[in-house]
Amino acid sequence: MSHTSPPFGPATDPRLAASWSDWIGDHTTALIGIPLRIALIVVILLVVRAVAKRAITRVVQRVLEPPAGESERSRPRRSGRGAAVLHRDRSRAKQRREQRARTIGSVLSSAVTIVLFMVGVAMVLDQVGIALGPLLASAGVVGLAIGFGAQSLVADYLSGLLIMVEDQYGVGDSVDLGEAVGEVEHVGLRLTHVRDLNGGLWHIRNGEILRVRNDSQEWARAVLDVAVAYDANLDTVYRVLEDTGRALRQEPDFTDLLLEDPAVWGVQSLDADGVLVRLAVKTVPLQQWGITRELRRRVKDALDEAGIDIPFPQRTVWVRTDAPEPEDGALTR
């Protein structure tokens, strides 16, 4: 009788099967627990990002856009930076709000995404078992070096964000940024584009803007200094100027541009050639220069009609007809 031994292969060896089962039992946490925790972290971060983006969108729209049933005239005026209403072009105001909302929303969304990404990477590395201390130290050194090298760029972006959030100026505003004076054509996080009177386009870094004069917010004032002769009656001059200003406001083409009746502030200075009288009126933004030119033309006609002279530079020359006799011993010609 012959005996045959049972076949033992890799799949039927009980010792190998036991070792596989022991290995799987020992590494169950690494094979199942860690991937599940990583997947849970990713899902939670995606949900937080979606909720944050939705909240940012709603908050930005609510802050930058006026309520549906509220008109521009019914909104109370605020002190400080104001609402920056562009009276001459409502489409520009809408474009300005849309640009601010789009830019601010994009910046906030990007910031939330970057923060959540960094937090997620740190949590995933912690689950894998990689030490975060050396990585954070290396990242800190690299970030410090980049910060020193790009500090002007960071200042530009922060200044641009504050300009938009505080609504210091926007597209269509007439501003004075120092050397650049003109109309704003674009406001970005890093650069502001200003078109000057001669048609030149200025590219100004936001970090270099130290002060801003905005002629397009809330209201403006047209100021006209009128010079009259010293022999003119000031009461008559005041009356002529006030009547001219009231007549200008009563005309349909100017009644919506003047916010109040023109007022004579009085004698501004006593010059060598005449008396300087100041006339001022509050106007809508960006209309003060046109109102000043029209007032200057009408005041000139009114003063001529009233017989009041506008002085001009004069020079008095004294001529001696009797020449003194030369003293004894003096040379004469």
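**Nonpolar cores and helix packing in the predicted model**

Of the 333 residues that make up the protein chain, 29% count as buried. The model is a predicted one. Seven helices and eight strands are present in the protein chain. When contacts between residues at least 6 apart in sequence are considered, 65% join residues at least 24 apart. The accessible surface of the protein chain amounts to about 22,700 Å², and carbon and sulfur atoms account for 58% of this area.

The largest nonpolar core comprises 22 residues, among which Val-228 and Ile-291 have the most contacts inside the core. Two or more residues are contributed to this core by each of β6 (220-228), α6 (234-250), β8 (275-283) and α7 (288-306). The most is given by α7, with five residues. Beyond its neighbours within four places in sequence, Ile-291 is in contact with Ala-222, Leu-248, Phe-254, Leu-257, Leu-258, Val-281 and Thr-283. A second, separate core consists of 16 residues, including Val-60, Ile-104, Ile-163 and Leu-189.

Helix α6 contains 17 residues, and the distance from its first C-alpha to its last is 24 Å, close to the 24 Å expected at 1.5 Å a residue. Its buried residues are Val-237, Val-240, Leu-241, Thr-244, Gly-245 and Leu-248. These residues lie on the same side of α6, because the arc they cover around the axis is only 125°. The cover over the buried residues of α6 includes β6, β7 (263-270), β8 and α7. On the other side of the helix, Asp-235 and Gln-250 are exposed. The N-terminal end of α6 is capped by Asn-233, a side-chain oxygen of which lies 2.9 Å from the backbone nitrogen of Asp-235.

The loop between α6 and β7 contains Leu-257. Leaving out residues up to four places away in sequence, Leu-257 touches Lys-282, Thr-283, Val-284, Gln-287 and Ile-291. The C-alpha atoms of Leu-257 and Gln-288 are separated by 8.8 Å, although these residues are 31 residues apart along the chain. The loop between β8 and α7 holds Leu-286. Phi of Leu-286 is positive, near 70°, in a residue other than glycine. Leu-286 counts as buried because its relative accessibility is 13%, the limit being under 20%.

Helix α5 (residues 151-166) has 16 residues, which at 1.5 Å a residue should span 22 Å; the end C-alpha atoms are 22 Å apart, in agreement with this expectation. Within α5, the buried residues are Asp-156, Gly-160, Ile-163 and Met-164. They cover an arc of only 90° around the axis and therefore lie on the same side of α5. One of these residues, Ile-163, is also included in the second core of 16 residues. The face of α5 turned away from the buried side carries Gln-151 and Leu-158, both exposed. Asp-167 follows α5 and has a positive phi, near 55°.

Asp-156, located in helix α5, is buried with a relative accessible area of 2%. Apart from residues up to four places away in sequence, Asp-156 touches Leu-189, Arg-190, Arg-205, Asn-206, Gly-207 and Glu-208.

The side chains of His-193 and His-203 are joined by a polar contact of 3.1 Å. Not counting residues up to four places away in sequence, His-193 touches Glu-183, Val-184, Glu-185, His-186, Leu-201, Trp-202 and His-203.

Terms used
Residues are numbered from 1 along each chain as its sequence is written. This is a predicted model: local features need pLDDT of at least 70, side-chain atom pairs count only at pLDDT 80 or more; totals for chains, interfaces and linings use all residues. Side-chain values use heavy atoms; hydrogens and water are left out. A nonpolar core is a set of buried Ala, Val, Leu, Ile, Met, Phe, Trp, Tyr and Cys residues joined through side-chain atoms within 4.5 Å. Buried means under 20% relative accessible area, exposed over 50%, partly exposed in between (1.4 Å probe, protein chains only). Helices (H or I, at least four residues) and strands (E, at least two) are DSSP runs, numbered from the N terminus. Contact means heavy atoms within 4.5 Å. The expected span of a helix is 1.5 Å times one less than its number of residues. The arc is that of the directions from the helix axis to the C-beta atoms. A polar contact is a pair of N or O atoms within 3.5 Å; within protein, one must be able to donate a hydrogen and the other to accept it, and residues adjacent in sequence count only if both atoms are side-chain atoms. Accessible areas come from the Shrake-Rupley method with a 1.4 Å probe; for residues, only the protein chains shown count as cover.
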